[in-house]
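Keep the model open as you read.

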Amino acid sequence: MIVITAPTGQIGGRLLEILLGETRTRGEELRVIVRDPGKLPDVVRARVDVVTGSHGDAEVVDRAFAGADAVFWLVPPNPQAQSLDATYSGFTRAAAKAFTTHGVGHVVGVSALGRGTPVAGRAGHVTASLAMDDLIASTGVAYRALANPTFIDNLLWQVASIRDDGVFTGTVTADRKAPTAATRDIAAAAADLLLDRSWTGTGEVPVLGPEDLSPNDLARIMSEVLGRPIRYERQTLDAFGTSLAGHGTGDALVQGYLDMMRAKDEGLDDGVRRTPQTASPTTFREWCEQVLKPAVRA
């Protein structure tokens, strides 16, 4: 039995799709925790056990983890959380207890790059995510944290600006190269771990993408794929914070985003070397062709 949290999100949804394809021949049962089962396609609901509710709720995870061998753990966004600790470790504490209560053997979590870097302790959301990893690891469960850089798919939040103005924005230096990863590759890495379960202990599994690219590199590739000029505009952190607040993000989380983005510009994502084991396959150009271009033309 594999339990999947956040099964309607970008990563969880793709993971569920992969596992539904794999478990036909492996004899694995799938269970999902979801607030609104109506968001699951009918064909999916027919093949999985559904537990309705929030996976931050003790009663919900107690029901969901009964009989579970493995759990995919992803903390959902909560723009109005009172603190970063509440967003990550606070949300996870009930599940951490349930892992032990029900003898869950393996947990795979979505986390971030940065552990061991000089800025890891002042990186906002990333610092809080790493603390969540430590909480899960302290339960004694076999745990793998998927250590991710910025998601390529975050650019989809700027489709209107890219389409209408030929502009995308960010806060990092225009020529700073860094890894990025496609959410579908993160889901694939999670599926491999959940289906294997021969691993023990705790550790990180970096998902670095195939190459380091700067915002200027992204602009060049988007321009080539979309057949029109796309340029990068660097935002100040103050302007970024004002935009977040304007979209309803609370003060504590705004500060967490500002600290995270400042840390990324200071090398937060530079601590892991790319190898055949840490690279993931989807190039930025492929993602633009297959995901961004259809979204811009929609």
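Helices (H or I, at least four residues) and strands (E, at least two) are DSSP runs, numbered from the N terminus. This is a predicted model: local features need pLDDT of at least 70, side-chain atom pairs count only at pLDDT 80 or more, and totals for chains, interfaces and linings use all residues. Residues are numbered from 1 along each chain as its sequence is written, and side-chain values use heavy atoms, with hydrogens and water left out.

Start at helix H8, residues 215-226. H8 has twelve residues and reaches 16 Å from its first C-alpha to its last. That is close to the 16 Å expected at 1.5 Å a residue, where the expected span is 1.5 Å times one less than the number of residues. Just after H8, Gly227 takes a positive phi of about 70 degrees.

Is H8 enclosed or open? Nine of its twelve residues are buried, so H8 is largely enclosed by the rest of the structure. Buried means under 20% relative accessible area, exposed over 50%, and partly exposed in between (1.4 Å probe, protein chains only). Among the buried residues of H8 are Leu218, Ile221, Met222 and Val225. The cover over them includes H6, strand E8 (167-170), E11, strand E12 (231-234) and H11.

Now look at Met222. Contact means heavy atoms within 4.5 Å. Leaving aside neighbours within four places in sequence, Met222 is in contact with Leu155, Ile162, Phe168, Gly227, Ile230, Phe284, Cys288 and Leu292.

Widen the view to the nonpolar cores. Such a core is a set of buried Ala, Val, Leu, Ile, Met, Phe, Trp, Tyr and Cys residues joined through side-chain atoms within 4.5 Å. The largest has 35 residues, and Ile162, Phe168, Met222, Phe284, Trp287, Cys288 and Leu292 touch the most other members. Two or more residues each come from helix H5 (125-137), H6, H8, helix H9 (237-246), helix H10 (251-265) and H11. H8 gives the largest share, six residues. A second, separate core of 33 residues includes Val110, Ile186, Ala190 and Trp199.

Gln158 lies in the loop between strand E7 (150-151) and helix H6 (159-165). At 19% relative accessibility, Gln158 counts as buried. Beyond its neighbours within four places in sequence, Gln158 is in contact with Phe168 and Thr169.

Strand E7 also belongs to an open sheet of three strands, ordered E7-E9-E11 with mixed pairing. E7 and strand E11 (212-213) stand at the edges with a single partner strand each, so one side of each is left without a neighbour in the sheet. Two strands pair if DSSP finds at least two bridges between them. Strand E9 (residues 178-181) runs antiparallel to E11, joined by two bridges. Pro179 stands opposite Asp212 in E11.

Finish with the aromatic rings. Rings of Phe, Tyr and Trp (its six-membered ring) pair if their centres lie within 6.5 Å; planes under 30 degrees apart count as stacked, over 60 as edge-to-face and the rest as tilted. The whole structure holds five such pairs. Trp73 and Phe91 form a tilted one, 6.0 Å centre to centre with 45 degrees between the planes. Trp73 lies in strand E4 (residues 70-73) and Phe91 in helix H4 (residues 84-101), so the pair ties together parts 18 residues apart in sequence. The rings of Phe284 and Trp287 have centres 6.0 Å apart and planes at 20 degrees, so this pair is stacked. Both lie in helix H11 (residues 284-297), three residues apart, about one turn of the helix.
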